[in-house]
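Dear colleague,

I am passing on the structure below, together with some notes on what was found in it. Please read the notes with the model open beside them.

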Amino acid sequence: MKVGIDTFGCDHGRSGLGSYLISLVKNLPEDDSVSYELFGTEADRFTYMGDREFSFTSASMPDSLVAERLWHGFRANKFAKKQKYNAVLYAAGPRLIPKSFSVPGLAVVHDIVTSLFEQNDDRWYLHQMKKGLSKVDCVVVPSQYIKKDLERADLKCRRIEVVHNGIDHSLFYPRQTLDTGDDVIEIKPFAIKRPYIIYASRMQNAGKKHVELVKAFTLFKEKTRLPHRLVLAGSEDSYGEQVHQAVFESSAASDIFVTGYFPHENFPELYRNAEAAVCPSVNEGAGLSVLEAMASGIPVACSASGALGEIAGKNALFFDSDNIEEMASALERIVTDKQLRKTLVADGLEWTKRYSWEKTAHATVALLKEIQR
């Protein structure tokens, strides 16, 4: 069996979806009956393979979203047949997907599809996405929340399977931080002053709630006068302008550090040196950053919306992301309540033992085997 893995739409590895694909490929099971081939833009020839040695085929086209959508709409099937794939994994699901399939397809969906419908007015793209997700052989989602969202969108998918994302426990695990008396830590390419609270998320849209978090952090600082900083780590889209404006207007601006794109391989260091992690996003379908923070042994405060309740279980401090005062209070509790911190850390570590990328990869390949023709 030959499996094609579509790397288009994964942001060159610089997003949660990109990190997902890197981790999935790293943990693909070695199986004599299955061979894997990645395909995408030439710039990503080595982005997702790490130390694995898989073949890669470059699909020549301009590096633009429009060109990639057209390619998936009119050329992806011919390409898959030419490469003699028995099944294709479309990692960027709703973003880039054919509208019909001459080779069996498995689409990974991390997005809240109903939100995509509300936020996008490109009728051609929406039509292609609806057609593709309703005709693909199997849709894989990382949470029951996204499965229900697809059902609410009335897409009538042929088959939806929940396969939770994993955690790389060789990277994300609790490590004792030596007290050297130095409040500044070096995490390439940055130097970050402790203590800090970390929010790791791409500045993609208003649903990520960066602006509300900045306002809540400002209230937290004004009330407590604690020395904590807020670190916003993630690449920026146009929404980033609103976040920077909110930071500029904050009385706590000097204690807010916006990193822009942060290398995923350095996130373990970023987490383990943090006092806590916060995730106010209301449109999270996977919640990978929450799991990674828990596995790193730090307490987590997060939104009660989206899939985060499902992903975090009862092991986080939840708040309403639209209630600035409530979020500020959660920030205060997560850094000052010693018993709460101890409980959240212990419960989070136990909870995350159930997640691994090996499980995720094996389950995904098993589904690819089932749909092959």
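A residue is called buried under 20% relative accessible area, exposed over 50%, and partly exposed in between, with a 1.4 Å probe and protein chains only. By that rule Asp122 is partly exposed, because its relative accessible area is 32%. Asp122 sits in the loop between α4 (113-119) and α5 (123-135), where helices (H or I, at least four residues) and strands (E, at least two) are DSSP runs numbered from the N terminus. Between the C-alpha atoms of Asp122 and Glu161, which are 39 residues apart along the chain, the separation is 28 Å.

Please keep in mind that this is a predicted model, in which local features need pLDDT of at least 70 and side-chain atom pairs count only at pLDDT 80 or more, while totals for chains, interfaces and linings use all residues. Residues are numbered from 1 along each chain as its sequence is written, and side-chain values use heavy atoms, with hydrogens and water left out.

Thr41 lies in the loop between β2 (35-40) and β3 (55-58), and Thr41 counts as buried because its relative accessibility is 12%. Apart from neighbours within four places in sequence, Thr41 is in contact (heavy atoms within 4.5 Å) with Phe8, His12, Phe56 and Ser58.

Val66, by contrast, is exposed, with a relative accessible area of 59%, and Val66 belongs to helix α2.

Turning to the spaces in the model, a cavity is a set of points on a 1 Å grid over the protein atoms alone where a 1.4 Å probe fits but cannot get out, and a pocket is an open set with protein on both sides within 12 Å along at least five of seven lines; lining residues have an atom within 4 Å of a point. Grid points are joined across faces, edges and corners, and a volume is the space filled by probe spheres set on the points.

The second largest pocket holds about 320 Å³ of space. Its lining has 18 residues, of which Ile22, Lys26, Leu171, His264 and Glu265 lie nearest its centre, and helix α1 (residues 16-26) gives the largest share of that lining, with 4 residues.

The whole structure contains 3 cavities of 30 Å³ or more, and the largest cavity has a volume of about 50 Å³. Residues lining the largest cavity include Tyr199, Tyr271, Cys279 and Val300, and the elements that give two or more residues to this lining are β10 (196-200), β13 (276-279) and α10 (288-295).

With best wishes
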